[in-house]
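Here is a brief report on one model.

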Amino acid sequence: MTTTSPTPTPPDSNLLGPEDFDALDAELDAMREQDEEVPQWEFCEGFMAALVCTRRVVPPTEYWPVLFNDFAPAQHMEFVWRWKRRWAEIEHSLDAPVESLDDEDCFQPEVLDTRGAIAALPPEEQADLPTDAVPSYAQVWALGFMYAVENWPADWTAPRDKDAADMLDAALENIVALTEDDKAPPAFSMYAEDGPPTVSQQRLDDLGAAIWAVYDLRQLWRSLGPKVETIRKEATPGRNDPCPCGSGKKYKKCHGAGTD
């Protein structure tokens, strides 16, 4: 896939490194002490990617309460600072003319191989961990993305143009595929090169398709522009109808006087 827009100006700060994502996790842990439902970063990352693609620019005052259940992260300035940097990185990647997932500027979501991390632990430590409900590779990211889509349905309504609507449906289907468990035979570990395999080739293919889907969504909504609200003109009341101003008089004796 090739996007046709010119390469945008890169973010004015350095790319986030492992220490930044560790800091984000630590800041979310601190927030979780006040609200145990604060999500992990992978979910936040998917949520952010959807917001970057949304047709309308959703302001922070609108999306913070949705992501954090009315818990305000504004007091966690380090988190907000890194959030803005990551947002700029994602925008830069999605607006860059990339042709391959290996391109330097290609969008690469921060996703976890939690199963790989558990499989790499000593057997005695694995025995102390729950074995059910461990998410698949990139599953939490996709759930975060779709959570944003579901919370702003009006901004994700299919366009009237059939080709554009088909493009939207296909892109969302590719992301929804990642919300399902990876049940194909494991072939790779994304946690460690020599770790026990926990991720299938199908999963990696699905992630690649989801990345291109994010590009398609960004391109689709930017090409269509903000949704234009249609303003309906109120019908003029009949001469003998009650005046809509609430005066109790007939329209012809009130605001309709002199309209003949």
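## Salt-bridge network

Which residues are linked in a network of salt bridges? They are Asp20, Glu27, Glu78, Arg82 and Arg85. The model is a predicted one. A search of the whole structure returns 12 salt bridges.

Aspartate 20 and arginine 85 meet through their side chains in a salt bridge, at 3.5 Å from N to O. This pair ties together distant parts of the chain. Aspartate 20 sits in helix H1 (residues 18–32), arginine 85 sits in helix H4, and 65 residues separate them. Are the two partners buried or exposed? Aspartate 20 has a relative accessible area of 7%, so it counts as buried. Arginine 85 is buried too, at 9%.

## Two further salt bridges

Side chains of opposite charge can pair when their charged atoms come close. Glutamate 62 does this with arginine 56. The closest N and O atoms of that salt bridge are 2.9 Å apart. Glutamate 62 is partly exposed, with 29% relative accessibility. Arginine 56 is also partly exposed, and its relative accessible area is 29%.

Aspartate 166 and lysine 162 form another salt bridge, with an N to O distance of 2.8 Å. How are these two placed along helix H8? They are four residues apart in H8 (residues 162–176), so about one helical turn separates them. Aspartate 166 is partly exposed at 37% relative accessibility. Lysine 162 reaches 58% and counts as exposed.

## Helices H2 and H3

Two packed helices are described by the angle between their axes and the distance between the axes. Here the helices are H2 (residues 41–53) and H3 (residues 60–68). Their axes come within 12 Å and cross at roughly 150 degrees. Angles over 145 degrees count as roughly antiparallel, so H2 is roughly antiparallel to H3. The crossing of H2 past H3 is right-handed.

Which residues make the contact? From H2 come Phe43, Cys44, Phe47 and Leu51. From H3 come Tyr63, Val66, Leu67 and Phe68. By class, the contact of H2 with H3 has eight nonpolar residues, with no polar and no charged ones.

## Proline 109

Proline 109 belongs to a loop, the one between helix H4 (77–94) and helix H5 (114–119). Is this proline buried or exposed? Proline 109 has a relative accessible area of 9%. The cut-off for buried is under 20%, so proline 109 is buried.

Its surroundings come from several parts of the chain. Leaving out residues up to four places away in sequence, proline 109 touches Glu45, Arg86, Trp141, Leu207 and Ile211. Take leucine 207, which lies 98 residues from proline 109 along the chain. The C-alpha atoms of the two are separated by 9.4 Å.

## Glutamine 139

Glutamine 139 is part of helix H7 (residues 139–151). At 9% relative accessibility, glutamine 139 is buried.

What does glutamine 139 contact, apart from neighbours within four places in sequence? The list is Glu42, Leu178, Thr179, Glu180, Asp181 and Arg203.

Methods: Residues are numbered from 1 along each chain as its sequence is written. This is a predicted model: local features need pLDDT of at least 70, side-chain atom pairs count only at pLDDT 80 or more; totals for chains, interfaces and linings use all residues. Side-chain values use heavy atoms; hydrogens and water are left out. Axes are lines fitted to C-alpha atoms, for helices over the stretch in contact, and angles run from 0 to 180 degrees between N-to-C directions. Angles under 35 degrees count as roughly parallel, over 145 as roughly antiparallel, 65 to 115 as roughly perpendicular and the rest as oblique. A crossing is left-handed if the near helix is turned anticlockwise from the far one by less than a right angle, and right-handed if clockwise. Contact means heavy atoms within 4.5 Å. Ala, Val, Leu, Ile, Met, Phe, Trp, Tyr, Cys and Pro count as nonpolar, Asp, Glu, Lys and Arg as charged, and the others, Gly among them, as polar. Buried means under 20% relative accessible area, exposed over 50%, partly exposed in between (1.4 Å probe, protein chains only). A salt bridge is a side-chain nitrogen of Lys or Arg within 4 Å of a carboxyl oxygen of Asp or Glu.
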